[in-house]
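Here are my notes on this entry, written to be read beside the coordinates. Please check each point against the view.

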Amino acid sequence: MTPPNTPHPTRRRRLASWAAIVTVALSGCGPASTGKSAGHGAPGSSRSGVACFRNSDADADYCDRFLADLARRTPLDPAQARAAETARQSVARALSGDVLNRCNVKHEPCDAVMAWAEQPATPEHVRSLLATVSENHPQVRMARPDDPAVADTVAFGVLVGQVCVYGYQRLHKDPDQVHAAGPLPQGTCLGP
């Protein structure tokens with residue numbers, strides 16, 4: 001029997017679950033619109049406290065696919081976890097910098113570059129940008145229904161050192177999400 005004023009065990013578990021979700025949400029963990037990786041501090045090494053915040057453009061099943069994909073990934077050891085954020089940032093910079101470079105460095109008319117940036121991303125363009133970050137061949141394709149990506153985007157994954165950096169990009173200008181975690185069981189960053 002439960003002492004008076006003590007919540008029932010089922011209610012305690014439910015309250016603890018909600019408290020964990022609120023804590024994760026307030027701490028900024030998870031693939032929120034900020035583009036941070038799913039694990040705070042050690043991506044892929046610990047899956048407790050992982051949350052998925054679906055942005056307004058995401059389809060209804062995106063979070064389920066993202067979390068299922070993350071659960072299949074090999075956990076990172078401490079050294080890999082330290083390298084994960086650096087790898088994630090280098091890929092995000094490579095995918096974001098083309099618009100600024102073309103407008104500022106290559107002296108193209110900024111209006112034309114910005115109009116180009118608003119066009120849908122293509123696998124070929126994303127692949128060419130990822131080739132500047134890693135010697136490993138990136139996996140790039142239009143997102144499939146089983147990818148941890150939003151429909152009608154370009155899904156990408158590239159091995160940087162021993163860390164998989166993966167995500168999706170909708171338009172030429174910026175990646176929508178960039179995550180860093182361990183590889184999938186078959187050693188790739190996206191499913192075959």
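This is a predicted model: local features need pLDDT of at least 70, side-chain atom pairs count only at pLDDT 80 or more; totals for chains, interfaces and linings use all residues.

The points below go from the overall fold to helix packing, then to salt bridges and a few loop residues.

1. The chain has 192 residues, and 42% of them count as buried. Its secondary structure comes to five helices and four strands. The order along the sequence is α-α-α-α-α-β-β-β-β. Among contacts between residues at least 6 apart in sequence, 58% join residues at least 24 apart.

2. Helix α3 against helix α4. Helix α3 spans residues 78–104, and helix α4 spans residues 110–117. The two pack at an angle of about 160°, with their axes 9 Å apart. An angle over 145° counts as roughly antiparallel, so α3 is roughly antiparallel to α4. The crossing of α3 past α4 is right-handed. On the α3 side, the contact uses Asp98, Val99, Arg102 and Cys103. On the α4 side, it uses Cys110, Val113, Met114, Trp116 and Ala117. By class, the residues of this contact are seven nonpolar, no polar and two charged.

3. Helix α3 against helix α5. Helix α5 covers residues 123–130. Its axis and that of α3 come within 9 Å and cross at roughly 125°. That angle makes α3 oblique to α5. Here too the crossing is right-handed. Val91, Ala94, Leu95 and Asp98 of α3 meet His125, Val126, Leu129 and Leu130 of α5. The residues of this contact divide into six nonpolar, one polar and one charged. Note Asp98: it is listed in the contact with α5, and it is also listed in the contact with α4.

4. Salt bridges. How many salt bridges does the structure hold? There are eight. Side chains of opposite charge can pair when their charged atoms come close. Asp69, Arg72 and Arg73 are linked in a network of such bridges. Three further pairs deserve a look. Arg65 bridges to Asp59, with the closest N and O atoms 2.8 Å apart. Arg144 meets Asp146 at 3.2 Å, N to O. Asp176 pairs with Arg170, with the closest N and O atoms 3.6 Å apart.

5. Exposure of the paired residues. Is Arg65 buried or exposed? Arg65 is buried, because its relative accessibility is 14% and the cut-off for buried is under 20%. Arg144 is partly exposed, with a relative accessible area of 28%. Asp146 is partly exposed too, at 47%. Asp176 is partly exposed at 25%.

6. Pro148. This proline sits in the loop between β1 and β2. Pro148 is buried, at 5% relative accessibility. What does Pro148 contact, leaving aside neighbours within four places in sequence? The list is Tyr62, Arg65, Phe66, Asp69, Tyr166, Tyr168 and Leu190. Two of these names return from the salt bridges: Arg65 is the partner of Asp59, and Asp69 belongs to the network with Arg72 and Arg73. The C-alpha atoms of Pro148 and Gly191 are separated by 9.4 Å, although the two residues are 43 residues apart along the chain.

7. Asp152. Asp152 is exposed, with a relative accessible area of 67%. Its phi is near 65°, a positive value in a residue other than glycine. Please inspect the backbone there.

8. Pro138. This proline lies in the loop between α5 and β1, the latter being residues 139–142. Pro138 is buried, with a relative accessible area of 15%. Not counting residues up to four places away in sequence, it touches Arg127, Leu130, Gly157 and Val158. Leu130 is also one of the α5 residues that meet α3. From Pro138 to Cys164 the C-alpha distance is 10.0 Å, across 26 residues of sequence.

Methods. Residues are numbered from 1 along each chain as its sequence is written. Side-chain values use heavy atoms; hydrogens and water are left out. Axes are lines fitted to C-alpha atoms, for helices over the stretch in contact, and angles run from 0 to 180 degrees between N-to-C directions. Angles under 35 degrees count as roughly parallel, over 145 as roughly antiparallel, 65 to 115 as roughly perpendicular and the rest as oblique. A crossing is left-handed if the near helix is turned anticlockwise from the far one by less than a right angle, and right-handed if clockwise. Contact means heavy atoms within 4.5 Å. Ala, Val, Leu, Ile, Met, Phe, Trp, Tyr, Cys and Pro count as nonpolar, Asp, Glu, Lys and Arg as charged, and the others, Gly among them, as polar. A salt bridge is a side-chain nitrogen of Lys or Arg within 4 Å of a carboxyl oxygen of Asp or Glu. Buried means under 20% relative accessible area, exposed over 50%, partly exposed in between (1.4 Å probe, protein chains only).
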